[in-house]
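Student: Hi! Could you walk me through this one while I have it open?
Tutor: Happy to, let's bring it up.

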Amino acid sequence: MTELFGLALVFIVALSFIYIAILMPEIRTIILVALILRIIMIIIGHYYVSLPDSLDDALTIESLAWFWAEDGKLGFLLDPEKYSIDNIYSYMIALPYSILGRSTLIPLAFNLSVSMATIILGWHLSKKIWNRVVARNMGWIIALYPSIILYSSVTLREVYVWFFLLLTINSIINWNKTNESKQIIITLINFFLLSLFHGPLLLGAFIFLFIVILRKFKEIYPDLKMMKIKAIDILILSIAFGIVINFLLGNIDISKLPNFDFNIIFKEILNRSAFATRGDASYPDFTQYNSIFEILYKTPIKLFFFFGSPFPWDVKKLGHFIVMFDSFFYLFLISLILKNLRYIWSNYTLRILLIIFIFYSIIFAIGIGNFGTGYRHRTKFLILLLLIVAPYLPSIRINPKIINK
């Protein structure tokens with residue numbers, strides 16, 4: 001019976017996006033093709049073979065949800081010791097599990113809906129930043145890219161990271177266009193929601209606040225000489241300074257990260273480096289940090305391995321071969337940034353997105369020591385990277401007549 005509920009939920013999500021496709025003729029074909037591909041992948045992974053990355057973390061997340069929910073009738077809601085904010089995704093799955101029973105089709109249906117919403121939101125943001133032609137191409141890439149389809153079809157949090165990161169980008173774009181104070185608050189809320197699905201992503205909020213402080217100082221500098229500062233500007237600067245200073249003092253806890261203390265941070269980096277550099281997908285031993293000084297000059301090397309590995313000589317199995325082609329695409333995207341850096345940097349919105357992308361990339365590259373883990377984590381930032389270089393990408397065209405036959 002629970003399996004039928006899961007199938008029904010997938011069916012309802014599919015019908016919902018078919019209806020949305022009818023209402024959005026501009027990207028109707030993109031929505032329908034993306035929906036079909038993701039449903040096929042979900043069915044294959046659920047009934048026939050285990051998809052890549054559908055074990056380990058995915059099983060842990062789903063099993064934890066069932067552990068909380070197996071008593072039924074939402075009883076786990078009354079026992080806060082059974083859950084924490086670090087496991088918000090398991091908590092979300094536990095809610096329907098406690099009512100409907102256990103079927104992995106239920107969280108997969110949720111992932112499907114968020115993935116489809118991500119495609120529409122990515123298309124919308126690309127249109128906001130660039131134009132309709134670029135946005136359509138962007139929509140096709142998000143719809144068809146293999147790793148995006150994969151992580152839309154397994155019980156992992158990547159799909160929620162894409163969605164809330166795009167919501168954050170949307171509010172950043174709105175703030176840049178309108179300079180409204182409420183958009184700063186909305187952006188910070190979106191960063192918080194994003195961090196629920198991966199704690200270190202909250203660090204992006206402090207980069208954004210630093211940008212806000214710099215921009216506000218630039219805006220009020222002429223008025224500062226004449227002592228005509230607006231009360232709202234003083235309030236915004238006070239809040240921004242307060243948050244940043246409390247973070248630097250170690251008063252703000254971030255999931256999966258130590259408090260801001262250089263000694264603790266450096267020790268944690270060295271420990272993680274030793275732990276992460278392992279397995280047949282491991283980076284070379286020389287990328288491992290052995291001292292604080294090595295962090296300075298080895299991090300650019302690890303960045304290159306984060307996006308560029310595995311290399312042809314690292315391929316030992318079919319899965320490595322697939323990940324290698326994925327790395328080629330990332331190197332291509334980064335080459336587009338370098339080639340068009342002058343224009344990207346001259347556009348204030350793109351400059352903010354690029355700074356956030358570089359910052360996130362450094363943070364994740366420091367803590368990763370093998371390309372298997374890197375493949376999954378770099379996918380978190382793929383859509384952000386695509387937004388930055390969208391107009392420089394090759395066009396994707398699919399004839400609608402082929403789809404309708």
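Tutor: One term before we start: helices here are DSSP runs of H or I with at least four residues, numbered from the N terminus. Also keep in mind that this is a predicted model.

Student: Thanks. Which helices each supply at least two residues of the nonpolar patch?
Tutor: Helix H1 (2-23) and helix H2 (28-47) do. The largest share, five residues, comes from H2.

Student: And which residues form that patch on the surface?
Tutor: Leu4, Leu7, Ile36, Ile40, Ile43, Ile44, Tyr47, Tyr48 and Val49, with about 860 Å² of accessible area together. Tyrosine 47, which is found in helix H2, is partly exposed at a relative accessible area of 40%.

Student: Switching to the inside: how many residues has the largest nonpolar core?
Tutor: It has 120 residues, and those with the most contacts inside it are Ile169, Leu333, Phe357 and Ile388. Helix H5 (residues 105-129) gives the largest share of this core, 13 residues.

Student: What does phenylalanine 357 touch, not counting residues up to four places away in sequence?
Tutor: Phe307, Ile337, Phe381, Leu384, Leu385 and Ile388.

Student: Is isoleucine 344 buried or exposed?
Tutor: Buried, because its relative accessible area is 0% and the cut-off for buried is under 20%. Isoleucine 344 lies in helix H15 (residues 341-346). Its C-alpha atom is separated by 7.5 Å from that of isoleucine 388, 44 residues apart along the chain.

Student: OK, charges now. How many salt bridges are there?
Tutor: The count comes to nine. One of them pairs glutamate 26 with lysine 127, with the closest N and O atoms 3.9 Å apart. Glutamate 26 is in the loop between H1 and H2 and lysine 127 is in helix H5, so the pair ties together parts 101 residues apart in sequence.

Student: What about glutamate 158, which residue does it form a salt bridge with?
Tutor: Lysine 380, at 2.5 Å between the closest N and O atoms. Glutamate 158 lies in helix H8 and lysine 380 in the loop between helix H17 (371-379) and helix H18 (382-389), so this pair ties together parts that are 222 residues apart in sequence. Both glutamate 158 and lysine 380 are buried.

Student: Which residues are linked with them in a network of salt bridges?
Tutor: Asp57 and Arg376 are linked with Glu158 and Lys380 in that network.

Student: And where does aspartate 326 meet arginine 378?
Tutor: Their side chains meet in a salt bridge, 2.8 Å from N to O. Aspartate 326 sits in helix H14 (residues 318-339) and arginine 378 in helix H17, 52 residues apart. Aspartate 326 and arginine 378 are both buried.

Conventions. Residues numbered from 1 in each chain as written. Predicted model: local features only at pLDDT ≥ 70, side-chain atom pairs only at ≥ 80, totals over all residues. Heavy atoms only, no water. Patch = residues over 30% accessible without salt bridge, like charges linked within 9 Å, V, L, I, M, F, W, Y side chains within 5 Å. Areas by Shrake-Rupley, 256 points an atom, 1.4 Å probe, with all protein chains shown as cover. Salt bridge = Lys/Arg side-chain N within 4 Å of Asp/Glu carboxyl O. Buried < 20%, exposed > 50% of the residue type's maximum accessible area, 1.4 Å probe, protein only. Core = buried A, V, L, I, M, F, W, Y, C linked by side-chain atoms within 4.5 Å. Contact = heavy atoms within 4.5 Å.
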